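Visitor: Hello! I am new to protein models and would like to learn how to read one. Could we look at one together?

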Amino acid sequence: MNERLLELLADEATVGLEDAERAELDALLADDPNADPDALARVAAEVALAMETSPAEEMPPSLRARIEADAQDFFAAPAPSAAPTPIPTPIREAAARRAPSRCRPPGRRL
């Protein structure tokens, strides 16, 4: 991306543009179809939100109670079994069927 395009997008997102700069930005954007004209505005908005110093809004008591009840139910539930059920693999089954009889003792079951 062109350095002047980045500079104009940054200015647009932070301080605004004059008419001549707006026209230059529009021309640069027309020349670069891959440019995202809103990318720096989104980043500036995210930074502004991250830097916001107002106190967080208190969670409604009904929501807090629901979350706490769900957490108690979740942690009270029995843990899943530690021994997973083995899943036979087609390769092992096919190999066992093709094994020569000499691998098995005569007259003995495995």
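Visitor: Where is the place of D32?

Guide: This is a predicted model, and in it D32 sits in the loop between α2 (19–31) and α3 (39–51).

Visitor: Does D32 count as buried, partly exposed or exposed, and what is the reason?

Guide: The general idea is a pair of cut-offs: under 20% relative accessible area is buried, over 50% is exposed, and what lies in between is partly exposed. D32 has 21% relative accessibility, so it counts as partly exposed.

Visitor: Which residues does D32 touch, leaving out those up to four places away in sequence?

Guide: D32 touches M1 and L5. Sequence distance and spatial distance can be read side by side here: D32 and N2 are 30 residues apart along the chain, with 8.7 Å between their C-alpha atoms.

Visitor: Which residues make up the largest nonpolar core?

Guide: For a core, look for buried nonpolar residues joined through their side-chain atoms. The largest one here has seven members: L5, L8, L9, L25, L28, L29 and A35. Helices α1 (3–14) and α2 each supply at least two of the residues in this core.

Visitor: What is A35 in contact with, leaving aside neighbours within four places in sequence?

Guide: A35 is in contact with M1, L5 and L29. L5 and M1 are also the residues that D32 touches.

Visitor: Let us turn to charges. How many salt bridges does a search of the whole structure find?

Guide: Side chains of opposite charge can pair when their charged atoms come close. The search finds six salt bridges in the whole structure. One of them joins E7 and R4, with the closest N and O atoms 2.9 Å apart. Both residues lie in helix α1, three residues apart, which is about one turn of the helix. E7 is partly exposed at 39% relative accessible area, and R4 is partly exposed at 27%.

Visitor: Which residues are linked with R4 in a network of salt bridges?

Guide: The network links R4 with E7 and E24.

Visitor: What does R22 form a salt bridge with?

Guide: Its partner is E12, and the closest N and O atoms are 2.4 Å apart. R22 lies in helix α2 and E12 in helix α1, so this pair ties together parts that are ten residues apart in sequence. Both are partly exposed: R22 has a relative accessible area of 32%, and E12 has 27%.

Visitor: How far apart are N and O in the salt bridge of R64 and E58?

Guide: There the N to O distance is 3.9 Å. R64 counts as partly exposed at 38% relative accessibility, whereas E58 is exposed at 62%.

Visitor: What about aromatic rings: how many aromatic pairs does the structure hold?

Guide: It holds one aromatic pair. The rings of F74 and F75 have centres 5.0 Å apart and planes at 85 degrees, so this pair is edge-to-face. In general, a pair of aromatic rings is described by the distance of the centres and the angle of the planes.

Visitor: Are F74 and F75 buried or exposed?

Guide: F74 and F75 are both exposed.

Visitor: Which residues form a nonpolar patch on the surface?

Guide: V43, V47 and M51 form such a patch, with about 290 Å² of accessible area together. M51 belongs to helix α3 and, at 61% relative accessibility, counts as exposed.

Visitor: Finally, how many helices and strands does the protein chain have?

Guide: The protein chain has five helices and zero strands. Of its 110 residues, 7% count as buried.

Technical notes. Residues are numbered from 1 along each chain as its sequence is written. This is a predicted model: local features need pLDDT of at least 70, side-chain atom pairs count only at pLDDT 80 or more; totals for chains, interfaces and linings use all residues. Side-chain values use heavy atoms; hydrogens and water are left out. Helices (H or I, at least four residues) and strands (E, at least two) are DSSP runs, numbered from the N terminus. Buried means under 20% relative accessible area, exposed over 50%, partly exposed in between (1.4 Å probe, protein chains only). Rings of Phe, Tyr and Trp (its six-membered ring) pair if their centres lie within 6.5 Å; planes under 30 degrees apart count as stacked, over 60 as edge-to-face and the rest as tilted. Contact means heavy atoms within 4.5 Å. A nonpolar core is a set of buried Ala, Val, Leu, Ile, Met, Phe, Trp, Tyr and Cys residues joined through side-chain atoms within 4.5 Å. Patches are made of residues with over 30% relative accessible area and no salt bridge: like charges are joined within 9 Å, nonpolar side chains (Val, Leu, Ile, Met, Phe, Trp, Tyr) within 5 Å. Accessible areas come from the Shrake-Rupley method with a 1.4 Å probe; for residues, only the protein chains shown count as cover. A salt bridge is a side-chain nitrogen of Lys or Arg within 4 Å of a carboxyl oxygen of Asp or Glu.
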